[in-house]
Amino acid sequence: MKVILQNPWQPVDYQAALETQSSLTRDGVVGWYLFSSKPVITLGKRATEEELLLPVDVLQEKGIKVLKVDRGGLATYHGPEQILGFPLGTLLEHTSNSRGVKLFVDNLVDKLALIFLDEKKRTGEEFTLDLDKSHRCPGLWLSEKSKMASIGLKFDRHHIGHGFAFNVSPLPIQGLLKTCGEPSETLTSLHKKE
């Protein structure tokens, strides 16, 4: 497995990152592409603009693109406050099972939890971690209503599309969109401000 890390201090355009993911997979690279994104709200296949709490033109005036994408899920914010990880390769190459979608997602949640646990161990902070993988919005949840990392994927025989967004710093999304389609659910971050 290869890890390609884009300089997180130089956020890239989300669409350009998708093209990089496809290109690297076509070239036979298996692993992960890690990067930081310029501000964008992606709308998955099930998403509608009703999940946005502001009109698209107002979001764009604030410097946030709105992009319809072919992954599963609803509306998700991506920006410089996150590390995004796009898998490179196929489901078979990542799980040894061409139909191992659940295995892939479960393994990804476990890996994200280990990153979180390692950082919290280092800082000595107390927390609650909810590893209930049956949640209707896949990701890493610190409690039933507080999400640390989002997962939105697309699978086909030739590659895995999109990936995860791990919240490192507080996200500037208050009043911008409904998290997982629910205004009561919140996003948290690894280094949240108290």
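This is a predicted model: local features need pLDDT of at least 70, side-chain atom pairs count only at pLDDT 80 or more; totals for chains, interfaces and linings use all residues.
Two strands pair if DSSP finds at least two bridges between them. Strands here are DSSP runs of E with at least two residues, while helices are H or I runs of at least four, both numbered from the N terminus.

Residues are numbered from 1 along each chain as its sequence is written, and side-chain values use heavy atoms, leaving out hydrogens and water.

Strand β9 covers residues 160-167, and eight of its eight residues are buried, meaning under 20% relative accessible area with a 1.4 Å probe, protein chains only. Phe 166 in β9 stands opposite Ile 83 and is also the bridge partner of Ala 149. The strands that pair with β9 are set out here.

| Partner of β9 | Residues | Sense | Bridges |
|---|---|---|---|
| β6 | 82-88 | antiparallel | four |
| β8 | 146-155 | antiparallel | seven |

β8 and β9 also form a hairpin, with four residues between them.

**The cores**

A nonpolar core is a set of buried Ala, Val, Leu, Ile, Met, Phe, Trp, Tyr and Cys residues joined through side-chain atoms within 4.5 Å. The largest one has 20 residues, of which Phe 104, Leu 112, Leu 140, Ile 151, Phe 164 and Phe 166 touch the most other members. At least two residues of this core come from each of β2 (31-35), α4 (101-123), β7 (139-143), β8 and β9. Helix α4 gives the largest share, seven residues. Another core, of 15 residues, lies apart from it and includes Leu 18, Tyr 33, Val 40 and Leu 88.

**Helix α4**

The buried residues of α4 include Phe 104, Leu 108, Leu 112 and Phe 116. Its buried residues pack against β2, β6, α3 (91-95), β7, β8 and β9, with contact meaning heavy atoms within 4.5 Å. The 23 residues of α4 should span 33 Å at 1.5 Å a residue, and its end C-alpha atoms are 34 Å apart, which agrees; the expected span is 1.5 Å times one less than the number of residues. Just after the helix, Gly 124 takes a positive phi of about 75°.

**The whole chain**

The protein chain holds four helices and 10 strands. Of its 194 residues, 47% count as buried. Its C-alpha trace spans about 40 × 40 × 30 Å along the principal axes.

Notes:
Buried means under 20% relative accessible area, exposed over 50%, partly exposed in between (1.4 Å probe, protein chains only).
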